[in-house]
Amino acid sequence: MTVNEFLDIIEVKMPEENAETHREGFAKIRAFGEDFLDRKTAAKTVAFILTEIFCEDFEINPASDYDLYDIFFCKSCTGHILKAYTKGIIPGVSRGRFGIDRPVSEEEALVFAERIFYPDKRVVPKPKRTADARFITEEEIKEHIEKGENVLVIDVRKRSVSREEPYPGPIVNFPFEELYINPRMISFGLKSANDLIVTKCDFGYTAAETAHFLTKMGYGNVFFTKP
């Protein structure tokens, strides 16, 4: 299925009173053309419709409140996916996975399209945070190090963008994708269960998600920071 075929289904589901009003908006979306429709592309299409055509407001809880770890494998898709997911239009495929690259079937497309126009048919997920990590500033990190505490700072960006940077303590690079597969890989850098673990990235968003994930995996004293 392509994006345009998905749009055909959506326009068929659209109530007649809305059709003429939003025809121009849908014409803009068709610029996506014949792109293959996987779940991340469907989320992008749905998010555009909700935001640009129907002007729905979004008060989205952080992604760390939901069991959707794979959405960070496509950073440009995260916001779109959260809009489509938290609005109850496109669900995850299993616990912990949105299934970003999974093809969308015609049956699924029909359900998604109906939920766009009929809010009572949406299935809004509930936040599922079971553990909490805390934010820490770089100044606070320095204070812990000056007290002689062991602090492990983890750069969770992809190895291709990670770079050496001045930092007050030891820093290692473990991309989030790798930690999700094997969260125990950081253990070699810890001296005791009381050591501080600090995750960091460019903006702090993925660092926060990684920190919450690590707490769920049983690590204590987990923090996240941002530049």
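Reader: What share of the contacts in the protein chain with a separation of 6 or more comes from residues 24 or more positions apart?

Author: Taking a contact as heavy atoms within 4.5 Å, residues 24 or more positions apart account for 70% of the contacts in the protein chain with a separation of 6 or more. This is a predicted model, in which local features need pLDDT of at least 70 and side-chain atom pairs count only at pLDDT 80 or more, while totals for chains, interfaces and linings use all residues. Residues are numbered from 1 along each chain as its sequence is written, and side-chain values use heavy atoms, with hydrogens and water left out.

Reader: How many helices and strands does the protein chain have, and in which order do the elements run?

Author: Helices (H or I, at least four residues) and strands (E, at least two) are DSSP runs numbered from the N terminus. The protein chain has nine helices and five strands, and from the N terminus on its elements run α-α-α-α-α-α-β-α-β-β-α-β-α-β. Of its 227 residues, 47% count as buried, where buried means under 20% relative accessible area, exposed over 50% and partly exposed in between, with a 1.4 Å probe and protein chains only.

Reader: At what angle do the axes of helix 1 and helix 6 cross?

Author: Axes are lines fitted to C-alpha atoms, for helices over the stretch in contact, and angles run from 0 to 180 degrees between N-to-C directions. The axes of helix 1 (residues 3–13) and helix 6 (residues 106–117) come within 9 Å and cross at roughly 45°. Angles under 35 degrees count as roughly parallel, over 145 as roughly antiparallel, 65 to 115 as roughly perpendicular and the rest as oblique, and helix 1 and helix 6 are therefore oblique to each other. From helix 1, Phe6, Ile9, Ile10 and Lys13 meet a set of residues in helix 6 that includes Ala109, Leu110, Phe112 and Phe117. By class, this contact of helix 1 with helix 6 has nine nonpolar, no polar and three charged residues, with Ala, Val, Leu, Ile, Met, Phe, Trp, Tyr, Cys and Pro counted as nonpolar, Asp, Glu, Lys and Arg as charged, and the others, Gly among them, as polar.

Reader: Is helix 4 roughly parallel or roughly perpendicular to helix 6?

Author: The axes of helix 4 (residues 39–53) and helix 6 come within 11 Å and cross at roughly 20°, which makes helix 4 roughly parallel to helix 6. Arg39, Val46, Ile49 and Leu50 of helix 4 make the contact with Glu108, Phe112 and Ile116 of helix 6, and the residues of this contact divide into five nonpolar, no polar and two charged.

Reader: Where does Arg122 lie, and is Arg122 buried or exposed?

Author: Arg122 lies in the loop between helix 6 and strand 1 (134–135), and with a relative accessible area of 13% this residue is buried. The side chain of Arg122 reaches the backbone oxygen of Arg115 at 2.7 Å. Not counting residues up to four places away in sequence, Arg122 touches Leu50, Glu56, Lys87, Gly88, Ile89, Arg115 and Ile116.

Reader: With which side chain does the side chain of Glu177 make a polar contact?

Author: A polar contact is a pair of N or O atoms within 3.5 Å; within protein, one must be able to donate a hydrogen and the other to accept it, and residues adjacent in sequence count only if both atoms are side-chain atoms. The side chain of Glu177, a residue in helix 8, makes a polar contact with the side chain of Lys158 (2.5 Å). Glu177 is buried, with a relative accessible area of 16%.
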